[in-house]
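Dear colleague,

Please find below the structure I am handing over to you, followed by a summary of what was found in it. I would be grateful if you could read the notes alongside the model.

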Amino acid sequence: MSTQNIFEDKVNLTILMPCLNEEENIAFSIRQAQSYLSSISARFHHTGEILIVDNNSTDNSAAIAKDCGARVISELRPGYGRALRTGLQEAYGEVIIFGDADSTYDFSDLDSIYLPLADNKYDFITGDRFAGQMEDGAMSWSHKLGVPFLSWCGRVKFGVKIHDWHCGVRGIRKDALEKCKFITTGMEFATEMIAEARRKGLRIGEVSVPLRKAKTEREEKLRTIRDGFRHLWYIMRG
């Protein structure tokens with residue numbers, strides 16, 4: 001299914017992927033997203049788009065994404081949070097679901113996130129990788145220990161009963177997004193998003209999601225100690 005024409009009045013769903021050097025995996029993720037857009041078109045006559053935010057890639061990620069039919073925009077300033085904030089601002093959809101473009105998340109079945117948001121039962125939904133099916137080797141042992149600890153810190157600090165504060169696949173309604181004000185630029189954006197949703201009184205949900213190993217070898221973007229401290233610092237000063 002081709003991406004929704006940007007001149008049409010209404011886009012029900014934007015599937016958003018931040019991208020930094022994912023030429024080996026991005027086509028797979030886009031094909032999955034296209035499959036889901038075809039599904040909601042057939043079932044509900046809903047429209048959608050795929051939006052890629054290229055975060056200054058030095059490989060062919062952007063060209064591959066365009067060839068696959070996605071809408072591609074650029075965010076030259078570095079940072080996971082920066083790329084997502086740009087994408088969230090530029091998305092056309094009434095609902096925005098975002099996830100990494102590295103083939104680790106399943107974009108072909110987003111019903112558990114999309115339908116409750118489209119039905120206005122929730123404002124914001126995040127995934128829980130620990131409650132889902134996690135493929136062997138999909139998450140390092142350091143993250144299996146660090147994420148639950150930081151998630152516990154987030155629950156205590158902000159009073160939000162989310163078990164996986166760092167899951168990379170999430171969805172938010174556009175009208176709820178407009179209530180939020182984000183300031184972070186790095187990986188700590190994942191923590192800020194939940195905290196800000198809580199501060200703004202959004203209806204927050206959590207659903208189990210699978211996590212798979214990337215289809216091909218790739219450069220690791222996460223820096224465990226640095227990014228962990230950035231999350232912890234946000235929690236402490238938030």
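Strands S2 and S3 run parallel and are joined by four bridges; two strands count as paired if DSSP finds at least two bridges between them. Helices (H or I, at least four residues) and strands (E, at least two) are DSSP runs, numbered from the N terminus. Please note that this is a predicted model, in which local features need pLDDT of at least 70 and side-chain atom pairs count only at pLDDT 80 or more, while totals for chains, interfaces and linings use all residues. Residues are numbered from 1 along each chain as its sequence is written, and side-chain values use heavy atoms, with hydrogens and water left out.

Within this pairing, Asp54 has Ser74 of S3 as its bridge partner. Together with helix H2 (residues 61-67), S2 and S3 form a right-handed β-α-β unit; right-handed means that, with the strands pointing away from the viewer, the path from the first strand over the helix to the second runs clockwise.

The salt bridges come next. A salt bridge is taken as a side-chain nitrogen of Lys or Arg within 4 Å of a carboxyl oxygen of Asp or Glu, and by this rule there are nine. One of them joins the side chains of Glu49 and Arg71, at 2.9 Å from N to O. Because Glu49 belongs to strand S2 (residues 48-54) and Arg71 to strand S3 (residues 71-74), this pair ties together parts that are 22 residues apart in sequence. Both Glu49 and Arg71 are buried, where buried means under 20% relative accessible area, exposed over 50%, and partly exposed in between (1.4 Å probe, protein chains only).

A further salt bridge links Arg77 and Glu75 at 3.0 Å, N to O. Arg77 is partly exposed, at 45% relative accessibility, whereas Glu75 is buried, at 5%.

Arg129 and Asp164 also form a salt bridge, their closest N and O atoms being 2.7 Å apart. This pair links distant parts of the chain, 35 residues apart: Arg129 is in the loop between strand S5 (124-128) and helix H5 (141-158), and Asp164 is in the loop between H5 and strand S6 (170-173). Arg129 is buried, with a relative accessible area of 9%, and Asp164 is buried at 0%.

Yours sincerely
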